[in-house]
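Trainee: I'd like to learn how to read salt bridges in a model. Could you walk me through a case?

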Amino acid sequence: MDYLTFLAWVIIAAFFYLLTLLALKFKTIRLLILLLAFLPIAIMLAFFIFRIPQLINETHKTQFFDTWKIGGHRGSAHDNIPENSLEAFSAVKSEGGQLAEMDIQITMDGVPVICHDSNTVRVTGVDKEISAMNITEFRKLRFIGTNVSLPTFEEAVAHCVANNIMMIWDVKNVDENLLKQFVIQIRTYNLYSKVLVSGFNPIDTYLVKMADPKILTGFTWRSWELSTTDEAATTPRFTGTLHAVASVLDVLAFGLARSLIIPKFLGSDVIFYHVSDISRFLKTDAAANNIYLAGWTSNNQYEQVWLRDYLKVPFLTDNVGTVPH
């Protein structure tokens, strides 16, 4: 045992010795120790009681991941094709992809619609929250510089079904009406092998699995998601103490995500990792737990070849047409 390791054990032993002395004198310390002793047991019991069983040996799950190799992030949006438009979804198929990822928001009157941001200013120039407009107002919107309207969720699904395009429904928030729409659309068109529901909020995908365990779901994650706002994890989401707290929570989230505890609890069929966090070790661990691995969002051709041909990991890209074939 080297000197630093020995010193670390001495410090740990001294800490517990001090805690024991304090416990002899203070009732609060005894209660705290008792809580710390039983907390791991309580968490473990909750994990096994409330976890959702994973789908094993289900044909539609195997079929989905055998088919999907390349997907369009918000469709394949480039040149004059707006993101999350029906044209962007069609471009995925014509450019050699199999799947279109789309983002779902909900209007004030409860209609699910397709738009990445909760506010439409970036894509339409109209500065208004989708949750504050009704479906009539939403239908009047047009993508900037075009006469192309933003689709509703029902229109997007019907379009992809008609053109044999697989889908990822990226959820921002789930309510009872949206859950009902998911189940109706999937059962009406028999989309169990064509659709995956995913999102950053584990509660959302948990609710989807509870509504119908056969629906394929995923858990989306990237490093420092809670403390930063950009994919490169360079722009702080908060300042001061809040940033420090968010950073600590990010470390905890990394452990729960990388150990696959969260995906296994959710019954996830796939884990979506940012491409900068993907490795062959992660894929091996996921496969050993009956979980597929997928990447978002890769726009580097060398990286795309590495993902597709070496790791055999499906991924999303902003422009399907530039992926090497």
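Trainee: How many salt bridges does a search of the whole structure find?

Mentor: Keep in mind that this is a predicted model. The general idea first: side chains of opposite charge can pair when their charged atoms come close. Here, searching the whole structure turns up 14 salt bridges.

Trainee: Which residue forms a salt bridge with Asp103?

Mentor: That's Lys172, with the closest N and O atoms 3.2 Å apart. Asp103 sits in strand 2 (residues 99-106), while Lys172 is in the loop between strand 4 (166-171) and helix 8 (176-189), so the pair ties together parts 69 residues apart in sequence.

Trainee: Is Asp103 buried or exposed?

Mentor: Buried, because its relative accessibility is 1% and the cut-off is under 20%. Lys172 is partly exposed, at 30% relative accessible area.

Trainee: What does Asp269 pair with?

Mentor: Asp269 makes a salt bridge with Lys209, and their closest N and O atoms are 3.0 Å apart. This pair links distant parts of the chain too: Asp269 is in the loop between helix 11 (261-266) and strand 7 (270-274), and Lys209 is in helix 9 (residues 202-211), 60 residues away. Both Asp269 and Lys209 are buried.

Trainee: And where do Arg237 and Glu225 lie?

Mentor: Both are in the loop between strand 6 (216-221) and helix 10 (240-258), 12 residues apart.

Trainee: Which residues are joined into one network by shared partners?

Mentor: Arg74, Glu83, Asp117 and Arg122, through salt bridges that share partners.

Conventions: Residues numbered from 1 in each chain as written. Predicted model: local features only at pLDDT ≥ 70, side-chain atom pairs only at ≥ 80, totals over all residues. Heavy atoms only, no water. Salt bridge = Lys/Arg side-chain N within 4 Å of Asp/Glu carboxyl O. Helix = DSSP H or I, 4+ residues; strand = E, 2+ residues; numbered from the N terminus. Buried < 20%, exposed > 50% of the residue type's maximum accessible area, 1.4 Å probe, protein only.
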